[in-house]
Amino acid sequence: MHTVIIDPEFRDLLPPLSPESYAALEASLLEHGVRDSLVVWRGHNILVDGHNRYGIAIQHGLSFNVVEVEFDSREAVLIFIVSNQISRRNLPPLQFSYYVGLHYRADKLISGRPSLDTVEEKLHQNEGVFLPTAKRLAEKYKVSKSTVERAAKMSEGIDAIASVSNDARKKIISGDVRISKKKLTELATASQKELTEVAKAIEDGNYTTKESANATPEPNGSSSSALGSGTPATIAPPATLQDLKAQINQIRTTFDLELASLTSQNASPSAAKPALQAYLSKLESILRDA
């Protein structure tokens with residue numbers, strides 16, 4: 001079996017699966033085997049993609065295939081991981097912003113022109129056009145340039161918390177604690193004392209702010225739906241019409257996925273009520289703050 005090394009920084013970039021999702025993945029792997037190859041950093045044997053699959057495979061003695069990919073730096077690995085996370089999943093707004101911010105900061109650290117990994121970027125290269133990092137990522141993720149820059153500042157705040165407590169960081173990106181993007185941005189330049197106090201409150205489950213105290217609760221019964229699972233009840237006000245469109249599309253996609261899941265189970269129309277309530281609640285939140 002291929003030797004695989006787990007890097008804690010890369011492993012902890014992504015929030016853990018919910019118990020239900022983990023159990024479903026485990027059941028699938030036990031029934032069908034590990035069909036998707038794990039991705040490792042060539043020459044380093046560090047696992048880049050497939051941490052949950054790897055853990056389950058090792059636990060149950062399942063065989064798996066490995067694909068080696070060349071990366072120039074740790075920053076390039078980080079960009080690969082967060083780009084995959086964004087493209088594969090319909091993320092809650094805070095998670096989406098965090099990963100876009102990480103991508104931006106890692107991109108800025110890479111010396112020289114980073115690798116081009118989208119059709120749009122290749123077209124720009126062929127045209128001889130050099131796009132600044134924020135504008136290039138804005139096109140890639142279909143948000144505004146200012147949104148990318150704000151996401152970078154917010155991600156600095158989350159990483160500042162992580163420097164004190166990685167458990168607190170996990171609770172933030174998993175949605176277990178409600179904390180505004182504005183507060184996270186402020187934490188990027190907070191004192192060590194404030195970071196320690198906030199991290200301790202998050203760890204103990206005692207963190208509250210004016211924003212979280214006034215947040216609109218999720219509709220009853222929606223916590224088990226894709227719209228309600230780990231998603232903050234409030235959504236950051238859109239800065240531009242492009243941001244507004246992106247938020248609405250993200251919510252609509254999640255709702256469609258929930259309906260598709262219910263359809264596959266031959267559920268009755270009434271079973272969609274929690275997901276619909278969550279969908280309408282989030283639309284109302286956008287309209288209220290726009």
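His 44 is partly exposed, with a relative accessible area of 38%. Here, buried means under 20% relative accessible area, exposed means over 50%, and partly exposed lies in between (1.4 Å probe, protein chains only). The loop between β1 and β2 holds His 44. His 44 and Ile 5 are 39 residues apart in sequence, yet their C-alpha atoms are 8.0 Å apart in space. Helices (H or I, at least four residues) and strands (E, at least two) are DSSP runs, numbered from the N terminus.

The structure is a predicted model, in which local features need pLDDT of at least 70 and side-chain atom pairs count only at pLDDT 80 or more, while totals for chains, interfaces and linings use all residues. Residues are numbered from 1 along each chain as its sequence is written, and side-chain values use heavy atoms, with hydrogens and water left out. The pLDDT is the predictor's confidence in each residue, from 0 to 100. The protein averages a pLDDT of 80, and 73% of the residues score at least 70. Over residues 211-234 the pLDDT is below 50. Beyond near neighbours in sequence, this stretch has 50 contacts in the model. Contact means heavy atoms within 4.5 Å. Residues 113-124 also stay under 50 in pLDDT. For residues 113-124 the model has 14 contacts beyond four places in sequence.

Three strands form an open sheet of mixed pairing, in the order β2-β1-β3. The edge strands, β2 (46-49) and β3 (66-69), each pair on one side only. From one strand to the next, the twist averages 40°. Two strands pair if DSSP finds at least two bridges between them. Strand β1 (residues 38-41) runs antiparallel to β2, and three bridges join the two. Val 39 has Asp 49 of β2 as its bridge partner.

Two helices lie across β1 and β2. Helix α3 (residues 51-60) runs at about 120° to β2. Helix α4 (residues 74-88) runs at about 30° to β2. Axes are lines fitted to C-alpha atoms, for helices over the stretch in contact, and angles run from 0 to 180 degrees between N-to-C directions. Gln 85 lies in α4. Gln 85 is buried, with a relative accessible area of 5%. Leaving aside neighbours within four places in sequence, Gln 85 contacts Leu 14, Pro 15, Leu 91, Gln 95 and Tyr 99.

The largest nonpolar core has 50 residues. Such a core is a set of buried Ala, Val, Leu, Ile, Met, Phe, Trp, Tyr and Cys residues joined through side-chain atoms within 4.5 Å. Residues with the most contacts inside this core include Tyr 99, Val 148 and Ile 158. Helix α5 (residues 93-109) gives the largest share of this core, eight residues. Apart from this core lies another, of 11 residues, among them Val 40, Leu 47, Tyr 54 and Leu 62.

Helix α8 (residues 145-162) and helix α9 (residues 166-174) pack at an angle of about 145°, with their axes 7 Å apart. In α8, the contact is made by Ile 158, Asp 159, Ile 161 and Ala 162. Asn 166, Ala 168, Arg 169, Ile 172 and Ile 173 make the contact from α9. Beyond four places in sequence, the contacts of Ile 158 include Leu 94, Tyr 98 and Leu 184.

In helix α7 (residues 133-141), the buried residues include Thr 133, Arg 136 and Tyr 141. Lys 142 follows α7 and has a positive phi, near 60°.
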